[in-house]
Amino acid sequence: MNKKNKWLKRSVLLIIVLLAIGVISFTSYVLTYDKQLLTYQKSLAKLPEVEKVLEISQYNGEEQYYVAKVQLTSGKEYYYFINDNTVKVSCEVNELITKKQVEEKVASLVDQGVIKHYYLGVYDEVPVYEVLVSDDKADYYVIMDANSAEVLLQFKAK
């Protein structure tokens with residue numbers, strides 16, 4: 001009976017240790033991610049044409065880059081797509097289609113689909129929206145030009 005209690009105690013202790021390691025790893029990842037974004041935000045704010053950084057996010061697709069929405073000293077709002085600490089593509093916010101236009105376009109492509117998420121990104125140096133749509137049959141990705149709403153790619157997710 002004593003051996004069974006030892007194994008039970010050891011098993012419970014092992015599970016607790018593994019859970020603690022998982023929580024610590026996740027917390028470390030979250031804190032590092034926020035720190036990277038804050039570093040980029042501070043760097044962008046130092047640019048002479050930038051009044052303030054309104055939003056910033058990190059995109060991890062085929063290529064990793066940052067997307068920052070900034071307000072310039074002229075009062076205009078721009079999106080900066082940053083890769084290797086260089087602004088590769090920039091565009092005025094008013095030039096892009098609205099979120100409502102994205103939703104309408106996707107609704108016309110995928111009947112009865114629900115948008116799970118959409119991200120502003122860049123594809124072949126063109127601003128795009130990457131949209132994940134789900135219906136009762138499958139998940140679909142729609143990549144559309146953020147300027148014209150033209151569908152560049154559409155495929156079923158595995």
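Guide: Let us begin with Asn83, which touches Glu63, Gln64, Tyr65 and Lys88, leaving aside residues up to four places away in sequence. Contact here means heavy atoms within 4.5 Å. This is a predicted model, in which local features need pLDDT of at least 70 and side-chain atom pairs count only at pLDDT 80 or more, while totals for chains, interfaces and linings use all residues. Residues are numbered from 1 along each chain as its sequence is written, and side-chain values use heavy atoms, with hydrogens and water left out.

Visitor: Why does Asn83 count as buried?

Guide: Buried means under 20% relative accessible area, exposed over 50%, and partly exposed in between (1.4 Å probe, protein chains only). Asn83 has 12% relative accessibility, so Asn83 counts as buried.

Visitor: What makes the pair of Tyr65 and Phe81 edge-to-face?

Guide: Rings of Phe, Tyr and Trp (its six-membered ring) pair if their centres lie within 6.5 Å; planes under 30 degrees apart count as stacked, over 60 as edge-to-face and the rest as tilted. The ring centres of Tyr65 and Phe81 are 6.5 Å apart and the planes stand at 65°, so this pair is edge-to-face. Tyr65 and Phe81 are both buried.

Visitor: Why is this pair said to tie parts together?

Guide: Tyr65 belongs to strand β2 (residues 64-72) and Phe81 to strand β3 (residues 77-83), so the pair ties together parts that are 16 residues apart in sequence. Strands are DSSP runs of E, at least two residues, and helices are runs of H or I, at least four, numbered from the N terminus.

Visitor: Why is Tyr118 called partly exposed, and Tyr129 buried?

Guide: The relative accessible area of Tyr118 is 23%, so Tyr118 is partly exposed. For Tyr129 the value is 7%, and therefore Tyr129 is buried.

Visitor: What makes the charge of Arg10 sit over the ring of Trp7?

Guide: The requirement is that NZ of Lys or CZ of Arg be within 6 Å of the ring centre and within 35 degrees of the ring normal. The charged end of Arg10 sits over the ring of Trp7, 5.6 Å from its centre.

Visitor: Which residues touch the most other members of the largest nonpolar core?

Guide: A nonpolar core is a set of buried Ala, Val, Leu, Ile, Met, Phe, Trp, Tyr and Cys residues joined through side-chain atoms within 4.5 Å. Of its 24 residues, those touching the most other members include Tyr79, Phe81 and Tyr129.
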